[in-house]
Amino acid sequence: EKEHKGDFHVEEAVEWPGLDLKLGQVSGLALDLENNLVVFHRGDHVWDENSFDSKFVYQQRGLGPIEQNTILVLNPSNAKLLHSTGKSLFYLPHGLSVDKNGNYWVTDVALHQVFKLGANDKEPLLILGVALQPGSDKTHFCQPTDVAVDPITGSIYVSDGYCNSRIIQFSPNGLYVMQWGEETSLGRSRPGQFRIPHSLALIPDLSQLCVADRENGRIQCFRLETGEFTREIKHKAFGTELFAVSYVPGGLLFAVNGMPYPGEAESVQGFVMNFSTGEIIDTFIPLRKGFEMPHDIVASEDRTVFVGDVHAKVVWKFASAEKSETIVE
Ligand SMILES: O=C(N[C@@H](O)C(=O)O)c1ccccc1
């Protein structure tokens, strides 16, 4: 048995989903205002080595947008489909978050754009970026990976992206405010340097934004108002890549790492950390089939955890099993 610290351990809820969700590559997860699970997936589109040219221009425009509904709202207990939207809009879904008014915020790495969608509207309420045009100025992104909205100020934060190394802040109505971050120089990665800022976790009560700095295999956190670096959370157990990070009010940080590189000892797994100390208090993997490429993670206050896998095209559910004793290896 592995060692668990703290007072709980998350374990796969094997009855989930119990029905075929007919998912494509699962890129983003979020919880809506009723704690329903929101899934952002790619339907019949895939991101593979033919998707982009050397200048990050999307090559499969001829396919047209994904015809399936790319945003699914599921009952978190029985996975029943409650609502779906987002058809004929997107080419390569990536990040997803829900704001305090229940709007969906998503990024599309093929369009190089960020969208705000009302829960029931067809037409986007706001679009940032220029369709299909990669760039790195105030109006262009390059494969933007995630978006988070501060519930207190309404400020919009975008992690930009696979082919940029920055976080950009926009005002609530989408005007450029400021940005921070730079690409990682050769050798050691310094604070504020990124190698694919891949996922965002906004912590409103601490006024911080944490970023999964994917290829640097670490989490970096910054002050929301200034972009000032506050801390790094990095563990050997993360291995080379750290894909996604998610914060749960009450002080827990959840994360998933990447598939091990050849010869790497660290396995692909989920992590539960104490936000204030940064220490790992639990790790978890599915009970039957292993993770393939866990791509996003979201957790609710009752410590139900969902992990979306972009290779396996599934969503895993984990529930926190009250642990009666500490079992040491
Ligand atoms: O990272 C990649 N994909 C995932 O993150 C994703 O699908 O979002 C990727 C990189 C190179 C080529 C093809 C895919």
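**Note on the cavity and the ligand site**

1. Ser27, His94, Gly95, Thr145, Asp146, His198, Ser199, His295 and Asp296 line the largest cavity; lining residues have an atom within 4 Å of a point, on a 1 Å grid over the protein atoms alone, where a 1.4 Å probe fits but cannot get out. Two or more of these residues come from each of strand 6 (93-98), strand 16 (197-203) and strand 24 (294-299) (strands being DSSP runs of E, at least two residues, numbered from the N terminus).

2. This is a predicted model, in which local features need pLDDT of at least 70 and side-chain atom pairs pLDDT 80 or more, while totals for chains, interfaces and linings use all residues. Residues are numbered from 1 along each chain, and side-chain values use heavy atoms, without hydrogens and water.

3. The largest cavity holds about 40 Å³ of space, as filled by probe spheres set on the grid points. Its lining comprises seven polar, two charged and no nonpolar residues (Asp, Glu, Lys and Arg count as charged; Ala, Val, Leu, Ile, Met, Phe, Trp, Tyr, Cys and Pro as nonpolar; the others as polar).

4. Around the ligand stand Arg42, Trp47, Asp48, His94, Tyr162, Arg214, His295 and Val310 (a heavy atom within 4 Å). By class, this shell has three nonpolar, two polar and three charged residues.

5. The protein covers 75% of the ligand's own 350 Å² of accessible area (Shrake-Rupley, 1.4 Å probe).

Definitions and conventions. 1 Å grid on protein atoms, 1.4 Å probe; cavity = no way out; pocket = protein on both sides within 12 Å on 5 of 7 lines; lining within 4 Å. Helix = DSSP H or I, 4+ residues; strand = E, 2+ residues; numbered from the N terminus.
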